[in-house]
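I kept each entry to what I looked up.

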Amino acid sequence: MSQGFACVGKRLAQADAPIKATGAAKYVVDMKLPGMLVGKVLRSPYPHAMIKRIDKSEAEKLPGVEAVITLEDTPKILYASSFRDLPMAPSGSLQRSDEYILADKARYVGDAIAAVAAADEQIAEEALKSIKVKYEKLPFVTHPRDAMKPGAPKLHDYAENNIAVRVTYPLAEGDVVKGFQESDVVVEETFSVTKQSSGHLETQTTIANVDPTGKVTCYSPCQLAFPLRRELAKIFNLPEGMVNVVNPFVGGSFGARLSVYNEPIAVALAMKTRKPVKIEYSMEENFTCVHTRTADEYTVKMGFKKDGTLHAMQIKILTWAGAYLGRAQLAGGIMLIWGMGHYRCPNKAGECQVVYCNTTPSAAMRGYGNPEVMWGVEQVMDMAADKLGINPIELRRENIKKVGEPSNMRLPIESTYLEDCIKAGAEKIGWKEKWGKKKEGLKRRGVGMATMTHCSGAYPLLIEHSGAIVKFNGDGSINLIVNPGSPGTHIWGALSQIAAEELGIYPEDVYIVTGETDKTLFDLGSHASRSTFVTGSAVLMAAREAKGQLLERAGRMLGVSPDELQVKDRKIYIKGAPDKGLSISEVVRSAMWEMKGEAMNIAGKSSFAPFPKSVSPPTAAYFAEVEVDTETGEVKVLKFITAVDCGTAINPMTVEGQCEGGIQEGLGYALTEDFFVNKETGVLESDNFTTYKMPGSLDMPETEIIIINKPDPKGPFGAKGVGEPALVGIAPAIANAIYDAVGVRVTDLPITPEKVLKTLKEKHS
Amino acid sequence: MKKIEKETVNFIVNGRKYQLTIEPWVTLAEVLRDYLDLTGTKVSCGVGECGSCTVLVEGKPILSCSTLAITVRDKSILTIEGLATKDGLHPVQKAFIDCGAIQCGFCTPGMILTSKALLDENPHPTREEVKEFLAGNLCRCTGYVKIIDAVVAAAGAMSRGGK
Amino acid sequence: MSQLVKLLGFFPRVLKPFEYFEPKTIGEATQILSQYGERARLLAGGVDLVPRMRRRLLVPKCVVSLHRIPRLDYIRSNRGGLKFGPLTSIRSLELSPLVKKDYLALYEAVHQLASTQVKTTGTAVGNLCVATPASDIAVALFALGARLRLVGPSSRKTIAIEDFFVGVGQTILQPGEMVAEVVVPCPPAGAGQAFLKLVRTAADIAKVNVAVSLTVADGVCQKVRVALGSVAPTIIRARRAERILKGKAIDQRMIEEAAQAAAEETRTITDIRSTSEYRREVSRVLVRRAISKALERAKA
């Protein structure tokens, strides 16, 4: 659907694709600095233990070992690996900090106890083996339910029964008790979701370097560079100007890189050795120590009037935090916001408890609670539709929100085309022909669907702030100075298109300067599907400012008012007289190299930090067709359709790529990815791709992505976010399709053939 | 029989000969990345499950993280850095770029080389055959769809005489 | 399966040093193997050995590479059967028209191993020597009645594949011995074979794998072998099931009975890939399907 743009909306190849295709792109794992040492972390082999004594004398004596550090050698400052002090709106709470750089007590198998810097990997390993740690083993718990029992071992002194925090749904409304009484049909069900690993291919790697002035450079794949900088400055008591965070290319993030892992340890080692130190995780270390998606057990209760109107809703959640809070602290509360904010409902309440246990910490993976909660909500919707005798699609239509209604964050919705998504997807999958039909035979097919609303940035819950600089060069090209991160989502391309569209130049005229906190304005970073909307808006603002200067200068050169001018195809010309104009490069060059005292830079700078009066949430509808083998319980997803409303698609090829990748992640979440901790030893057994199964090329269904492509009033050229919406509703769509096929529900992720077969047998007995 | 401790051996990588002194326990991936500074080949899982470390040895796709370097001495090795020529990018590389098959890019070198090996063996694969051949290459970003599009497009370009 | 992860206190990224040999003949290889005994490991493709060493699940004192010994990667087929050597890659078996034509169970087993690179780098004999009860190749070879030619520094013998595996990860190989050749007898006329498995994703180790080979003459089943993997510490022949079918004109009821008998012969466990109950249940289903498929192919 063309909106008459010059380059926004075009399917453009990415400017960084060629160097990735030739292997020239450097990730932190590829970087080498002169004199660089290998850093390596000693980790607890026990899930819960006091650290009585650490003797590092042997290790320090080994030739080639340049530093051995323990907690005593580091600033003993508590921090939250997922950043404390991300300010929140008055309704929220500050995150608690509960960890040191190196552990004061071992709280999971893999907890960081000590670290070394050595000449090479072999020596580093020998050094770790020579560090003698006296542990006093403690009883441990590997599941939050066990952690809450009376007498359970306590992980953190402050947390009674290992409950870190209790959250009540801050946007409660009406009276749920009365609401359920007034409802004609009430459905209640319990669900559980698993600790999905982000599965990024570049293992977590950091290089830290301290130069002779004491300035720290930290090369990290972290998605939030400026918060990392602030955190490092705080931990090591440095002025922020003495800390530079550099993001080279990153091999996948998916939310895992929102947290800090080996950065502070690498900095501590670099400070001690005064040499660059690189800590590279093995994949097993990555699985064991990098934060997973938060797992939960929760109950969804929804009450409906007989015409299908949702009347009351309540969700109660037990959130699995792991050994440290990371971002699990917010996860439960945010789940409530997603789960209860998607549909219109006059009576709603919810609560959650976040509980510690001795496992890998949970934090914020792609979707951050939305995939987790819609797993349950969208199944309860189908269960209710069944009881009400209403088509599941109609039940959605009745209850989804319209423009102007309060969003999941209770601000008016600027745009929503969820209706269009549902309609387009239903047609494509053949809903009318396939759903609700009598099924028979050994292999049975069914269709199912789900919907969701997400966000384009986390305001008003969390800070939203991005800055951009648009700086013209003498040849009419620009340097676009931004720092949205480089998680591989093609955000730089989208930002280039936005800038080019506004300035009347081409995307290939935009040269991105990014990836270093020293060189860019503040940008929160990449999360909450914010980059296109927020950083994009910042780019648009900066481009407008630069354009204003350009037109003002050009106006003087042409002897007309700037209002009479417009830009297109690298030229500035008088409206209505396309032959009367100047090239942009002429104007810039004359300004830059001007000799009579009126030289200037043509550059725009912006800070986009909305405290908004409205929100622009992306929406999506998901449709799955499955085939279930009734003798083995195997589920084959034949076809998957994602119909997404992300406003204007700045680059439709990118949007498709995000959604197709989301289907891979969603499919894994739904069917095969699971977190296995050995209950006897506390060791993570699903610690590599042999044991942790992610979909490969042969596991993917036929896919189709439908982009509604209708603009949002507030987004840059009408764009909204898409990164997380790509994934949110996939699992419940599959669960609902399985129900259509064989009449059973699995409420416990992942949907394995074992569970399907068991449920089928229970149904028939 | 004398045991081999440290050997000076020849590696032929991307058409160039290198002489290196290595121990037997060094993997091919380490030789490429650390000794020869060819960091295009990536190590990810380190257990042979993800295909990121794929290079072509005598035209065949092998897992460099699970190969002792000393066992492939004197054999011609092609890494991602050696695929483009002075005439430009290989059609597979061009297709990956044009079809949007590259997101974070970490699986890309392995994917491209495995795809090249496929097209050298089977110049006109069906989509199903492409999926089968790439089944040992994991990607977390793209969902494989545009990767398969790219391989099919490259096959078309190559059969039309594209270089 | 008991030790998936070693508790080391750190995560290794490189291999530990070892003593390394490159023999030029099988004789030289077996010499070194008998010298080092349990502390030696043969290196063929390395696809299993190298990662295992990196993870410190195996720390051999000595590694003996076979790659300098010529002509170990052959595939030959004649009246004596199919023969392949210690360095024959899994992929070459997959691509061989000889295998696809007459040894369909073996073809199906290798074809369903998803990773092209693993098949190209990895060898079939290497896979057998890992001795996992989940080996697809081993299950197929059980059904095909394969024999293994073993050689040591001063010994040579040929054993049935059923005698090769003695426990999880354990073969009958004595210190100094290695597998020199695998021989798969030529299936007679009227033979039908099938291989089936269940996995979590396509590129995964089997939850249950099954292979059936049978011959039918004048409507009567002359020979039958039913092999199951991943359901016991070693791969099993479901002999009760075989007895139900052998010498009979097989009908649907008999197939059901045989499948049930096979399931009862399993000793399944629960692990990261599946549950004991599920494995037992689907063993029955897979055996039934494999017998039906083999029968169909025998009649064709």
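Entry 1, domains. I began inside chain A, where 15 residues of domain 1 of chain A are in contact with 17 residues of domain 2 of chain A, two residues being in contact if their C-beta atoms, placed from the backbone, lie within 7 Å. On the side of domain 1 of chain A that touches domain 2 of chain A I listed three nonpolar, nine polar and three charged residues; here Ala, Val, Leu, Ile, Met, Phe, Trp, Tyr, Cys and Pro count as nonpolar, Asp, Glu, Lys and Arg as charged, and the others, Gly among them, as polar. The centres of these two domains, taken over C-alpha atoms, are separated by 38 Å. The division of chain A gives domain 1 (17-23 + 465-608), domain 2 (31-138 + 198-289) and domain 3 (400-457 + 614-764), with bounds that come from an automatic or database domain assignment.

Before going on I noted that this is a predicted model, in which local features need pLDDT of at least 70 and side-chain atom pairs count only at pLDDT 80 or more, while totals for chains, interfaces and linings use all residues. Residues are numbered from 1 along each chain as its sequence is written, and chains are lettered from A and ligands numbered from 1 in the order in which they are written.

Entry 2, chain A with chain B. I looked up this contact and found that it takes 44 residues from chain A and 40 residues from chain B. On the chain A side, α1 (17-21) and α17 (652-671) each supply at least two residues, and the largest share, eight residues, comes from α17(A); helices (H or I, at least four residues) and strands (E, at least two) are DSSP runs, numbered from the N terminus. By class, the side of chain A that touches chain B has 17 nonpolar, 21 polar and six charged residues.

The open sheet of four strands has the order β18-β26-β27-β28 (chain A), with mixed pairing, where two strands pair if DSSP finds at least two bridges between them. Its edge strands are β18 (443-453) and β28 (702-707) of chain A. Strands β26 (residues 619-629) and β27 (residues 635-645) of chain A pair in the antiparallel sense over 10 bridges, and A:E625 stands opposite A:K639 in β27(A).

I found helix α2 (residues 91-98) and helix α5 (residues 145-159) of chain B packed at an angle of about 135°, with their axes 8 Å apart. The pair α2(B) and α5(B) is therefore oblique, as angles under 35 degrees count as roughly parallel, over 145 as roughly antiparallel, 65 to 115 as roughly perpendicular and the rest as oblique. The residues of the contact of α2(B) with α5(B) are 10 nonpolar, no polar and no charged.

Technical notes: Axes are lines fitted to C-alpha atoms, for helices over the stretch in contact, and angles run from 0 to 180 degrees between N-to-C directions.
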